[in-house]
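Please find below a colleague's note on the model under review. The sequence and structure are shown before the numbered points.

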Amino acid sequence: IMIQRLFFLISLPIVFTSSDAPDWGQTGHRVIGLVAEQHLTQQTQAAVHDLLEGESLAFVSTFGDEIRSIRDYDHFKPWHYVNMPLDKRYGEEAPNPKGDVYHAVNHCVGVLQDTNASREDKAFYLRLLVHFVGDLHQPMHVGRSEDRGGNDIKVLWFGKKSNLHQVWDSDMINGYQMSYSELADNLPIYTPAEQNDIVNTTVLDWMHESQSHAKQIYGSVDQDERLSYAYQQKHFPLVRDRLYKGGLRLAKLLNDIFDPSEG
């Protein structure tokens with residue numbers, strides 16, 4: 001019943017507070033979903049299509065943000081990020097007991113692998129998995145707690161008030177005014193060997209990659225700095241790289257779950 005109520009509610013207009021701003025923006029999440037779909041095996045495609053009742057991975061990729069305004073799902077809010085000191089590895093300090101994005105990805109995978117899980121639960125957590133893999137590849141979702149992953153570092157983006165987190169979530173992507181399919185067509189090109197290296201990594205590896213990028217990003221700006229074309233040109237290649245890697249790795253996760261013989 002709760003799931004049925006959920007799907008009714010997410011069809012209504014959604015208003016986000018500043019602390020609930022969408023991650024990667026809708027465009028970035030949809031890019032990751034589309035890239036993943038392009039790298040699924042036929043068996044995985046069929047299983048995903050069945051669970052999602054025809055909806056695409058791009059379409060469901062924003063689901064994790066769409067449920068934020070529903071109080072019954074408040075406990076998922078900490079699952080979108082992990083905060084830790086930039087000089088620490090995950091596990092060196094006690095993790096958030098309410099969960100984090102590393103826990104979120106592993107939990108979703110566990111439900112999808114559980115033969116006793118209901119179809120309804122598997123569909124729900126598949127939608128969340130698509131979203132959380134995207135979040136994990138946004139470097140500022142592995143930022144410092146003291147500035148809330150860059151949300152408290154205020155900047156001017158082409159003269160308009162913004163913050164470092166928002167610049168990386170959506171400002172740079174929105175600046176190109178591309179649809180998600182256009183942006184997906186303009187991602188980096190990797191050789192098959194390079195793609196193999198990208199996907200043969202762990203969820204922990206992805207998180208530490210993002211943490212390493214976050215450390216560099218923190219050093220790229222000052223409080224109240226004016227950012228525009230120069231910043232975009234320098235840093236957008238990393239945005240494109242993270243979107244593509246997120247899509248490839250999401251596909252690998254799903255193929256391992258639904259078509260393990262191809263792993």
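1. Basis of the note. The model is predicted, so local features are reported at pLDDT of at least 70 and side-chain atom pairs at pLDDT 80 or more, while totals for chains, interfaces and linings use all residues. Residues are numbered from 1 along each chain as its sequence is written, and side-chain values use heavy atoms, leaving out hydrogens and water. Helices (H or I, at least four residues) and strands (E, at least two) are DSSP runs numbered from the N terminus.

2. Packing of α6 and α12. Helix α6 (residues 101-113) packs against helix α12 (residues 229-258) at an angle of about 25°, and their axes are 10 Å apart. Axes are lines fitted to C-alpha atoms, for helices over the stretch in contact, with angles from 0 to 180 degrees between N-to-C directions. This geometry makes α6 roughly parallel to α12 (angles under 35 degrees). The crossing of α6 past α12 is right-handed, meaning that the near helix is turned clockwise from the far one by less than a right angle.

3. Residues between these helices. On the α6 side, Val-105, Val-109, Leu-112 and Gln-113 meet Leu-253, Ile-257 and Phe-258 of α12; contact means heavy atoms within 4.5 Å. The contact of α6 with α12 comprises six nonpolar residues, one polar residue and no charged residues. In this classification Ala, Val, Leu, Ile, Met, Phe, Trp, Tyr, Cys and Pro are nonpolar, Asp, Glu, Lys and Arg are charged, and the others, Gly among them, are polar.

4. The sheet. Three strands, in the order β2-β1-β3, form an open sheet with mixed pairing; two strands pair if DSSP finds at least two bridges between them. At the edges are β2 (160-163) and β3 (226-227), each of which pairs on one side only. Strand β1 (residues 154-157) pairs with β3 in the parallel sense over two bridges, and Leu-156 stands opposite Arg-226 in β3. Helix α8 (residues 164-175) lies across β1, β2 and β3 and runs at about 110° to β2.

5. Positive phi values. Most residues other than glycine have a negative phi. Glu-53, which is not a glycine, has a positive phi of about 50° and is placed in the loop between α3 (42-51) and α4 (57-60). Gln-177 likewise has a positive phi, near 50°, and lies in the loop between α8 and α9 (180-184).

6. Accessibility at these positions. Glu-53 counts as exposed because its relative accessibility is 67%. Gln-177 is also exposed, with a relative accessible area of 73%. Exposed means over 50% relative accessible area, buried under 20% and partly exposed in between, using a 1.4 Å probe and protein chains only.

Notes: Parallel < 35°, antiparallel > 145°, perpendicular 65-115°, else oblique.
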